[in-house]
Amino acid sequence: MQVKIEILEKNDTNLRIAVKDADVPLMNALRRIALAEVPCMAIEEVVMIENSSILQDEIIAHRLGLTPLKTDLDSYNLPEACECQSEFGCAQCRVTLTLDAEAKDGTRTVYSGEIVSENPEVLPVSDKIPIIKLAKNQKLKLEAYARLGRGKKHAKWQPVSMCAYKYYPKITTPDEKCVDCQKCVDICPKKVFTMKDEKVDVRDLLACNLCMDCVEACPKKSSSLSVEWEKNAFVMSIESTGALPPERVLKEATKLLGEQLNEFEEQIKAEQQ
Ligand SMILES: [Zn+2]
């Protein structure tokens, strides 16, 4: 069985694909790996040098941790896989970021854009994330260390804000004309249907989420309006936090699944010897 993929929609943060000839266990494995195991960068430790703001150090550190960072997966090692094996990390497994902000002229908001990184490739994905509000003469100065990690340990290392799949819908509309009744067209929350020459027509098949409201709303007892789903076809949506391009998340998830299966196979072989 050869899995076939078709790209439905793709931009910097979103990817929607149709996957044919796959099954639920495969789709779910990819989904779970994308959420919990594909690594990305996040701030792990913060050294406060000066904090005269009203927020405690811990709250600021938490906010910094949850700020998504652009991740350079090819240049850095996961801390546990790095040769240094050091708690503090080395240049291959840690990025140092600094923030030095002061409110000289009055109250102001400090945004993620003020964070300076030793590696310009590893920076907050947006420079408009508010970190703290400082009143006049308050100061915040800190050094932060970002490291690679996995979502299963902490949500800050989740490279996707959403990763989900649904069955590929299959809709059959009645052949006969439906005069005076547009109930299925009107009730559909996703606006899947439209009327064409007094017949019900599918306007946007992939918008269907199989809620069956249209089938229930049809007053005809023996209506030929039916909503089903393809057994082995799915629509998968990935929304990246911006840490990695969504297609890279999917590629890494496939790679990790392959590695896990290889390891499993090796262990079976070892057991048999
Ligand atoms: Zn290291």
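## Second largest pocket

Fourteen residues, written 14 in the count, line the second largest pocket, and Pro-39, Leu-73, Leu-78, Glu-252 and Lys-255 lie nearest its centre. A pocket here is an open set of points on a 1 Å grid over the protein atoms alone, with protein on both sides within 12 Å along at least five of seven lines; lining residues have an atom within 4 Å of a point. The volume of this second largest pocket is about 240 Å³. Volume is the space filled by probe spheres set on the points, with grid points joined across faces, edges and corners.

Helix H5 supplies the largest share of this lining, five residues. By class, the lining of the second largest pocket holds seven nonpolar, one polar and six charged residues. Ala, Val, Leu, Ile, Met, Phe, Trp, Tyr, Cys and Pro count as nonpolar; Asp, Glu, Lys and Arg count as charged; the others, Gly among them, count as polar.

## Basis of the model

The model is predicted: local features need pLDDT of at least 70, side-chain atom pairs count only at pLDDT 80 or more, and totals for chains, interfaces and linings use all residues. Residues are numbered from 1 along each chain as its sequence is written, and side-chain values use heavy atoms, with hydrogens and water left out.

## Largest pocket

The largest pocket has a volume of about 280 Å³. Its lining has 18 residues, with Ile-5, Ile-17, Leu-30, Leu-250 and Thr-254 nearest the centre. Strand S1 (4-10), strand S2 (14-20), H1 and H5 each supply at least two lining residues. Helices (H or I, at least four residues) and strands (E, at least two) are DSSP runs, numbered from the N terminus.

H5 gives the most to this lining, with seven residues. The lining of the largest pocket divides into 13 nonpolar, two polar and three charged residues.

## H1 against H5

Helix H1 (residues 24-36) and helix H5 (residues 246-272) have axes that come within 9 Å and cross at roughly 110°. Axes are lines fitted to C-alpha atoms, for helices over the stretch in contact, and angles run from 0 to 180 degrees between N-to-C directions. H1 and H5 are therefore roughly perpendicular to each other (angles of 65 to 115 degrees).

On the H1 side, Leu-26, Ala-29, Leu-30, Ile-33 and Ala-34 make the contact; on the H5 side, Val-249, Ala-253, Thr-254, Leu-256, Leu-257 and Gln-260 do. Contact means heavy atoms within 4.5 Å. This contact has nine nonpolar, two polar and no charged residues.

## Cavities

The whole structure has two cavities of 30 Å³ or more. In a cavity, a 1.4 Å probe fits but cannot get out.

Technical notes:
Angles under 35 degrees count as roughly parallel, over 145 as roughly antiparallel, 65 to 115 as roughly perpendicular and the rest as oblique.
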